[in-house]
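Student: I would like to work through this model with you, one question at a time. Could we begin once the structure is on the screen?

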Amino acid sequence: MNEPVISVKNLVKRFGNFTANDHLNFHVDKGEIFGFLGANGAGKTTAMRILSGLSKSTEGEVVVAGYNVNTHPEKVKQNIGYMSQKFSLFEDLTIWENMRFFAAIYGLSTAVFKERAQMLLNKLGIFHEKDRLVGELSLGWKQKLAFSVAILHRPSIVFLDEPTSGVDPITRRQFWEMIYQASAEGITVFVTTHYMDEAEYCNRVTIMVDGRIEALDTPAALKKQFAARNMNEVFLTLARPNNQ
Amino acid sequence: MITIQNTSKKYGTVKAVDDVSIQVHEGELFGLLGPDGAGKTTLLRMVNSLILPDAGNIQLWGLDPVADYRQVRQIIGYMPGKFSLYTDLTIEENLNFFATVFGTTIAENYHLIKDIYQQIEPFKHRPAGKLSGGMKQKLALSCALIHKPKLLVLDEPTTGVDAVSRQEFWEMLQALKTKGITIIVSTPYMDEARLCDRVALMQDGQIHACDTPANVVAGFGKTILGVKMTNVYKGLTDLRVWKHTDNVYPCGEYLHFIATDSHVDVASVTQYLVSLGHQNIDIVNVNPDIEDCFIELTRTH
Amino acid sequence: MKRFTAFVRKEFLHIFRDSRTMLILFAMPVVQILIFGFVITTEISDASIAILDKSKNEMTREITAKLASSGYYNIKHLLHSENEIEAAFKRDRVKMVVVFEPQFSKRFYADKQASVQLIADASDANSARILTNYAEGIITSYQNSKNSDVGAVAKPIETQVRMFYNENLDGVFMSVPGIMAMILMLVSAMMTSISITKEKEFGSMEVLLISPLKPFQIILGKVTPYILLAFVNVLTILAMGYWVFHVPIRGSLFLLLGESMLFTLLALSLGIFISTVAQNQMVAMFMSMFALMLPTILLSGFIYPVENMPYVLQLISHLMPPKWFIIIVKSVMLKGNGIMYVWKETLILMSFTLLFVGLSIKKFQVRLK
């Protein structure tokens, strides 16, 4: 667990006069569950776009899965998976059709796709439902399925954007079990969220405020450092210093 | 006071709201907690007269949202789940519009919205579509309050809003409560339960519990151990197959472990895990929270 | 009332703040009428014509002179027999041949029935129509001046129009009435249905429903601005037709405006009806497009003459409100007819309006489903 899968050095991103990311420095280890927190507009999305090769940094060096994102964004994209709360799967396609589509995008051969998809659906216990439309599934199932699809091509990193907001507590637990499992298999999990209870599950979290990283440690250490009962209090202390 | 009795609503074969009976007291901040698809929105819309129940009876201070829907609509301030303001109108134009539509003026009820509106007043000429999530929320709340409603119905006001704005929003609700307005708020975030006077836990159209947050938690009745180890996933699968395990699930930093009987203690769990080669084992006593209650109640229902 | 005006004001703000809506409302009618107008209308001046005068008296010479001095026609040939007509069209490319019957003035004064035949090359249907229209106009005014000489009011000259190559002028593209129907449909039906469904989509309809506003106030508030805007459009189209393309307005302007307002109301009621059925803007837009725009363009006789359609489509075209409106506008605008000639069509439009208003009231709900 000592080689970093993501390494960010002095990352700066400016839009005109506005600095969205102000000298970010961090690294994420292989298999780590890394929480990336911040209020709306703190610069989370900008940073994640740079990490996933969608946008170029103004300054600094970002290496993801062994590739520099500024020079080899395509290589980076091949090696990451992505899942967001807003869009996960096509509602008007069946489970199987969705999986086949995303497998094809990432260049999996038909044989490999069939084998993995079958295994995955069996593990979730919904193989017999593979021809159902995704739109008919509950939110919880959609999210679990979306996560499975995001790691179908065995990426070294999977980016999750607010993966469990609005999901019932039991499904959320099942979801985190899947994340723990992926992590145990060596997939690095990068979670951005502004829901602090999701932060509690992570190995380490960073908290961004106004484009800067204000804290980076394990949830336990952060709670201790800020004498807080939970991550929500830690976050409020950092994001709302005037009111404290 | 609001009384909901044996109320049901079906969509096709799906029971969106299934025989729900709850009461909301005068001047109370009442939380309706449940995940997406639990039936919260349907229940709220039946209360505010926008949907007809299939069965049951709802009374708001003696008014029936089915028969007396005109009067009911007069006394309700409503914030739907989706952002419902006009994005192309400015803050001031939005507020003015809703004031006029409800037959009042901003000046008349300014005292009610003052604390909230003052925070966004400096931007009153900005179109609502260009506001941050927190500011939109404040404007929506101002608009819902402008006609001095007796009851405020808020459908998932904190969904999609960051932690800071959520905190501020709840502070605003606390302040409104002191002005005698009854508030019903729905939320999928269990941690917001502690901010309510009373809560109802809802899932699959049913209410699993309805009480003060403290009483709901007190009713949990089992001991939870928080368990941590280096390999969490293996620990989870190992504990799941243990014969003394009633339930185990991830919950933040720790796994929450509930034993089948009270003889199982920290020592025996540690022993079991050590025997399987786990390292850095850390076991603590955990006070159950609303989420634990929710999981337990869903399991037993 | 204050609520209502607040609502209308809000609606105007929506319209004026959205540049795309503004473009559709104001620029599109102008652009469309210009495009359609210039594609079809060829400005008539110095069109070559031929005269076959079998009478050769003072009267026919006078009419010929009037035609020549009008500026529209250039008399290229004087023919001697009917056999030459075909050749005049084919070889000399004249656009119209004027044929006076033998003993024209004798028949005019004695029999009170003189006949002049206008034969036009209708392969260019639109200019053929314009040429014959102008000629008819010139002959009529000549006849009127003769009448006033003798103090009579009879109309002894009978103009017979014959179209060569496209006998019944089916291809004539009546641009202005058609465009009016199309624009009014678009502005009134499509824009209102979209703006109402927009409120549903953004969730503000829930808040409006829960407010003390009555459903008809909501609907009326949404619709009023579009009535006014549609009226502005009617005026724009008529003015452009009149001044840019010289389309005559022969009948009563008030009748024309009145009928336009009736059609606007019809389109609005259709728009409201669509919005009660459609759940979001996209559906409303597609419904408007397929249920309103395409039939308006294809089945109303705007582009393809109804008479040439298969029988089934002809039956369907009766159900197209724009068809009746186009008939009315053509009749009032181009033929100068009064209400007596179009009362049937007017009644049909009124019935459609009542039908859709009724359906909308039945469909519009004070609750959600």
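Student: Which residues have the most contacts inside the largest nonpolar core?

Tutor: This is a predicted model, in which local features need pLDDT of at least 70, side-chain atom pairs count only at pLDDT 80 or more, and totals for chains, interfaces and linings use all residues. Residues are numbered from 1 along each chain as its sequence is written, and chains are lettered from A and ligands numbered from 1 in the order in which they are written. A nonpolar core is a set of buried Ala, Val, Leu, Ile, Met, Phe, Trp, Tyr and Cys residues joined through C-beta atoms within 7 Å, where a residue is buried if 20 or more other C-beta atoms lie within 10 Å of its own, exposed if 12 or fewer and partly exposed in between, with C-beta atoms placed from the backbone. The largest such core has 221 residues, and those with the most contacts inside it are A:Val158, A:Val189, A:Phe235, B:Leu255 and B:Phe257.

Student: Which helix gives the largest share of this core?

Tutor: Helices (H or I, at least four residues) and strands (E, at least two) are DSSP runs, numbered from the N terminus. With 15 residues, the largest share of the core comes from chain C, namely from its helix α7 (residues 175-201).

Student: Which residues does B:Phe257 touch, leaving out those up to four places away in sequence?

Tutor: Two residues are in contact if their C-beta atoms, placed from the backbone, lie within 7 Å. Not counting residues up to four places away in sequence, B:Phe257 touches B:Ile224, B:Leu225, B:Val227, B:Leu239, B:Thr245, B:Val248 and B:Val269.

Student: How many residues does each side give to the contact between chain B and chain A?

Tutor: On the side of chain B that touches chain A, the elements giving two or more residues are α6 (163-177), α8 (232-240), β11 (245-251) and α10 (290-300) of chain B. That side divides into 12 nonpolar, 9 polar and 6 charged residues, where Ala, Val, Leu, Ile, Met, Phe, Trp, Tyr, Cys and Pro count as nonpolar, Asp, Glu, Lys and Arg as charged, and the others, Gly among them, as polar. The contact takes 27 residues from chain B and 29 residues from chain A.

Student: Which element supplies the largest share of the side of chain B that touches chain C?

Tutor: That contact takes 23 residues from chain B and 22 residues from chain C, and the residues on the side of chain B divide into 13 nonpolar, 5 polar and 5 charged. Two or more residues each come from α2 (69-75), β5 (76-79) and α3 (91-101) of chain B. The largest share, 4 residues, is supplied by α3(B).

Student: How far apart are the closest C-alpha atoms of chain A and chain C?

Tutor: Among the 2 pairs of chains that touch, the most contacts are between chains A and B. No contact joins chain A and chain C, and their closest C-alpha atoms lie at a separation of 17 Å.

Student: Why can chain A be called as compact as a globular protein of its length?

Tutor: There are 9 helices and 10 strands in chain A. The radius of gyration is taken over C-alpha atoms, and the globule rule is 2.2 Å times the number of residues to the power 0.38. Chain A is as compact as a globular protein of that length because the rule gives 18 Å for 244 residues, and its radius of gyration is close to this, at 18 Å.

Student: Which residue in the turn between β4(A) and β5(A) has a positive phi?

Tutor: Two strands pair if DSSP finds at least two bridges between them, and 2 bridges join β4(A) to the antiparallel strand β5 (residues 67-68) of chain A. In this pairing A:Val63 stands opposite A:Asn68. The two strands form a hairpin with 2 residues between them, and the residue in the turn with a positive phi, of about 55 degrees, is A:Ala65.

Student: Is C:Gln117 buried, partly exposed or exposed?

Tutor: C:Gln117 lies in strand β4 (residues 114-121) of chain C. Because 16 other C-beta atoms lie within 10 Å, C:Gln117 is partly exposed.
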